[in-house]
Amino acid sequence: MRIEQDVKLDFKDVLIRPKRSTLKSRSEVTLKKTYTFRNCKKTWSGVPIMAANMDTTGTFTVAEVLSKNLMMTVIAKHNEPESFDAVTPEMAQYVSFSTGTSDKDFERLQKCVERRPDIPFICIDVANGYSEHFVEFVKKTRKRFPDHILIAGNVVTGEMVEELILSGADIVKVGIGPGSVCTTRKQTGVGYPQLSAVIECADSAHGLGGHIISDGGCTVPGDVAKAFGAGADFVMLGGMLAGHDECAGDVMEEDNGEKYKIFYGMSSETAMRKYSGGVAEYRSSEGKTVKIPYRGPLQETVKSILGGLRSSCTYVGAAQLKELPKRTTFIKVTQQINNIYSANEIKTPK
């Protein structure tokens, strides 16, 4: 047993210090970035924000909205190959397949790619990316699909990021336990504060010419800016995109007239009942099921996220999103915002 003495930080522990800027308006900020990936050698351009591959957010209707904003959607992994017929040629560059690591998952993935070879991304997604089996699956997938952009995760430490990149991953997904409906930290005591994980993992990935996704922990647009400022190449969102018209699930109504939609983690009892018949005897649920207030059309939330990100860039003088990490200085704080009137906030009708 050993204890690391240095304190690790989360998004709530810091703010971005403003700097002198020559920008006159948020409209001058360019959020589109272009990447060339280490292992597949492909190039991709877009706004590097992704919808998480969860049942409720990794949907084709979400992808339709996000693709129009040059943003990505990682489709939930339980979709069958024929469902990808919903992806138009214009959407394809902003969509990713998802897969687990079983033989059945690999068979489904091959059928998906055969049906839609124009979709360039594959996301190998497990809760614990530290197993030898996972690394071997990454190698197997890279060998089978040498020209695809390969995402692998989740991990939170630099040495594992390096191993996954050297095993064939182009992008490593970073985050254990920060998600809004994830209970891994509660159930296992395992995790890593997300801001520090991103800083450390980005350094390891970039040293090898690889990339990372900050997956989880963002609750407001300012957190998205902090993730990019910390060195994330992509930011993946779940809860921030949940509860909209385009998300899976029906709009339900409380007795008091308030509307909501259901949102759940993919390691929750809800998900395991849906796909595995229940929680296996040898494990526990590591996710929860919650009610998300109904939020209407997704495009309004997208505008808020992108607008906040552009504003962050103007505060530090970054004319392009790619400049944000170089322009970011974090300051440790004891308080983020003044919440005294939060309960009395009046929502503007849409």
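Is Ser 267 buried, partly exposed or exposed? At 22% relative accessibility, Ser 267 counts as partly exposed. Buried denotes under 20% relative accessible area, exposed over 50%, and partly exposed the range in between, with a 1.4 Å probe and protein chains only. The model is predicted: local features need pLDDT of at least 70, side-chain atom pairs count only at pLDDT 80 or more, and totals for chains, interfaces and linings use all residues. Residues are numbered from 1 along each chain as its sequence is written, and side-chain values use heavy atoms, with hydrogens and water left out.

Ser 267 sits in the loop between strand S13 (259–264) and helix H8 (269–276). Helices (H or I, at least four residues) and strands (E, at least two) are DSSP runs, numbered from the N terminus. Not counting residues up to four places away in sequence, Ser 267 touches Met 272, Arg 283, Ser 285, Glu 286 and Gly 287. Contact here means heavy atoms within 4.5 Å. An unreviewed UniProt entry places the feature "binding site" at Asp 215, Gly 216, Gly 217, Gly 238, Gly 239, Gly 265, Met 266 and Ser 267. UniProt positions follow the numbering used here, feature names are shortened, and annotations may be inferred rather than shown by experiment.

Gly 238, also listed in that record, occupies the loop between strand S11 (234–237) and strand S12 (252–253). Gly 238 is buried, at a relative accessible area of 14%. Its contacts, leaving aside neighbours within four places in sequence, are Ala 52, Met 54, Thr 57 and Phe 263.

For "active site", UniProt (unreviewed entry) lists Cys 182 and Thr 184. Cys 182 falls in the loop between strand S9 (171–174) and helix H5 (184–188). Its relative accessible area is 26%, and Cys 182 is therefore partly exposed. Neighbours within four places in sequence aside, Cys 182 is in contact with Gly 177, Glu 286 and Gly 287. Thr 184 lies in helix H5. Thr 184 is buried, with a relative accessible area of 12%.

The structure holds zero disulfides, a disulfide being a pair of cysteine sulfur atoms within 2.5 Å. The sulfur of Cys 201 is 15 Å from the closest cysteine sulfur, in Cys 218, which is too far for a bond. Cys 247 is in no disulfide either; the nearest cysteine sulfur, that of Cys 218, is 16 Å away. Cys 201 is buried, at a relative accessible area of 0%. Cys 247 is buried as well, at 5%.

Phe 228 belongs to helix H7 (residues 221–229). At 2% relative accessibility, Phe 228 is buried. Residues up to four places away in sequence aside, Phe 228 touches Pro 48, Ile 49, Asp 233, Phe 234, Val 235, Leu 309, Leu 321, Leu 324 and Pro 325. Phe 228 and Ile 49 are 179 residues apart along the chain, with their C-alpha atoms separated by 10.0 Å.

Helix H3 (residues 132–144) packs with helix H4 (residues 158–166) at an angle of about 30°, with axes 9 Å apart. Axes are lines fitted to C-alpha atoms, for helices over the stretch in contact, and angles run from 0 to 180 degrees between N-to-C directions. Phe 134, Val 135 and Val 138 in H3 meet Met 160, Glu 163 and Leu 164 in H4. The residues of this contact divide into five nonpolar, no polar and one charged. Ala, Val, Leu, Ile, Met, Phe, Trp, Tyr, Cys and Pro count as nonpolar, Asp, Glu, Lys and Arg as charged, and the others, Gly among them, as polar.
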